[in-house]
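The sequence and the structure follow.

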Amino acid sequence: MGVKIIAEIGINHNGDIELCKKIIDSAVIAGCDFVKFQKRNPDICVPEDQKSKIRQTPWGEMSYLDYKWKIEFGKNEFDEIDRYCKEKKIGWFASVWDKDSADFMSNYNNITKIPSALITNEKLVKYVREKFSYLIISTGMSTEKQIQKCIKSCSPDVIMHTNSTYPSPIEELNLEYITYLKNKYNKEVGYSGHEYGLVTTFAAIPLGVSWVERHVTLDRTLWGSDHLASVEPSGLFKLVKGIRDIEKALGGNKERKLNPSEITKLKSLRG
């Protein structure tokens, strides 16, 4: 199997299941392997000093805590996502932000991800490791020491290199860290991109990643924190095709052999 491509919907559904389905459709048509969401209990995850802050939203003025609950999918929505993804024959899972969310998502899948923001939460990473048979972590915002401690605590199946800025400055992507991770750990290594454009994500493929993740949206101008650093459907189609073309073009680290397409040229130029 080639590189596994995750279309990260995250919270770009804005709490709307119909919008969510349209984004899933774009991932299916593009040929992605998975769509991914985020699951959190806002009562736990929103810092106390942020909960009562007033936020202007498309649904009117409300506290930040109320806003986070407004866009949070629950059982009814995830039951429908599960049904819809099975119908469309695409895999799905979610990043979990707390123990409640880990318990909740374990009812649907045996795969999950711990986001960059939480890999220093040792109790959580150990708990999540026990709940899921396949675990992905992201390394953004973290020091090498923190990453090492997380890997030691939960032995993830996949380590995703990422820069957690939205959008990420190109000069700070440090793509060669992928090579460092591959040499240091006997793990699958992936790349989660938050940069503008696709070129730098393509560059991760020959570095040997086995997973690629990009945030996706129907429209980058939609209201919400993650849309601007996301890929629209036309870009998602280009992303998947580009990755598959690069996989075909790499050919493997081996001796050169005469290609069938060159035979005609060989006869005309060498006789």
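## Packing of α1 and α11

The axes of α1 and helix α11 (residues 233–250) approach to within 9 Å and cross at roughly 30°. Axes here are lines fitted to C-alpha atoms, for helices over the stretch in contact, with angles from 0 to 180 degrees between N-to-C directions. Helices and strands are DSSP runs numbered from the N terminus (helices H or I, at least four residues; strands E, at least two). The two helices α1 and α11 are therefore roughly parallel to each other. Angles under 35 degrees count as roughly parallel, over 145 as roughly antiparallel, 65 to 115 as roughly perpendicular and the rest as oblique.

The crossing of α1 past α11 is right-handed; a crossing is right-handed if the near helix is turned clockwise from the far one by less than a right angle, and left-handed if anticlockwise. On the α1 side Ser-26, Ala-27, Ile-29 and Ala-30 meet Pro-233, Leu-236, Phe-237 and Val-240 of α11. By class, the residues of this contact are seven nonpolar, one polar and no charged. Contact means heavy atoms within 4.5 Å. Nonpolar covers Ala, Val, Leu, Ile, Met, Phe, Trp, Tyr, Cys and Pro, charged covers Asp, Glu, Lys and Arg, and the others, Gly among them, are polar.

## Basis of the model

The model is predicted: local features need pLDDT of at least 70, side-chain atom pairs count only at pLDDT 80 or more, and totals for chains, interfaces and linings use all residues. Residues are numbered from 1 along each chain as its sequence is written, and side-chain values use heavy atoms, with hydrogens and water left out.

## Packing of α8 and α9

The axes of α8 and α9 come within 14 Å and cross at roughly 40°. That angle makes α8 oblique to α9. In the contact, Glu-144, Ile-147 and Gln-148 of α8 meet Tyr-177, Tyr-180 and Lys-184 of α9. This contact has three nonpolar, one polar and two charged residues. The crossing of α8 past α9 is right-handed.

## Helix α5

Helix α5 (residues 75–88) has 14 residues and should span 20 Å at 1.5 Å a residue; its end C-alpha atoms are 20 Å apart, which agrees. The expected span is 1.5 Å times one less than the number of residues.

Phe-78, Ile-81, Asp-82, Tyr-84 and Cys-85 of α5 are buried. Buried means under 20% relative accessible area, exposed over 50%, and partly exposed in between (1.4 Å probe, protein chains only). The cover over these buried residues includes α1, β2 (34–39), β5 (91–96) and α6 (99–105). After α5 comes Lys-89, with a positive phi near 60°.

## Asn-12

Asn-12 lies in the loop between β1 (4–10) and α1 (17–30). Its relative accessibility is 1%, so Asn-12 counts as buried. Not counting residues up to four places away in sequence, Asn-12 touches Leu-19, Ile-23, Val-216, Thr-217, Asp-226, His-227 and Ser-230. The C-alpha atoms of Asn-12 and Gly-224 are separated by 7.0 Å, although the two residues are 212 residues apart along the chain.

## Backbone details in loops

Met-141, in the loop between β7 (134–138) and α8 (144–154), has a positive phi near 65° and is not a glycine. Met-141 is exposed, with a relative accessible area of 61%. Ser-155, in the loop between α8 and β8, also is not a glycine and has a positive phi of about 40°. Ser-155 is partly exposed, at 37% relative accessible area.

Tyr-166 and Pro-167 are joined by a cis peptide bond with omega about -5°. Pro-167 sits in the loop between β8 (158–162) and α9 (177–184).
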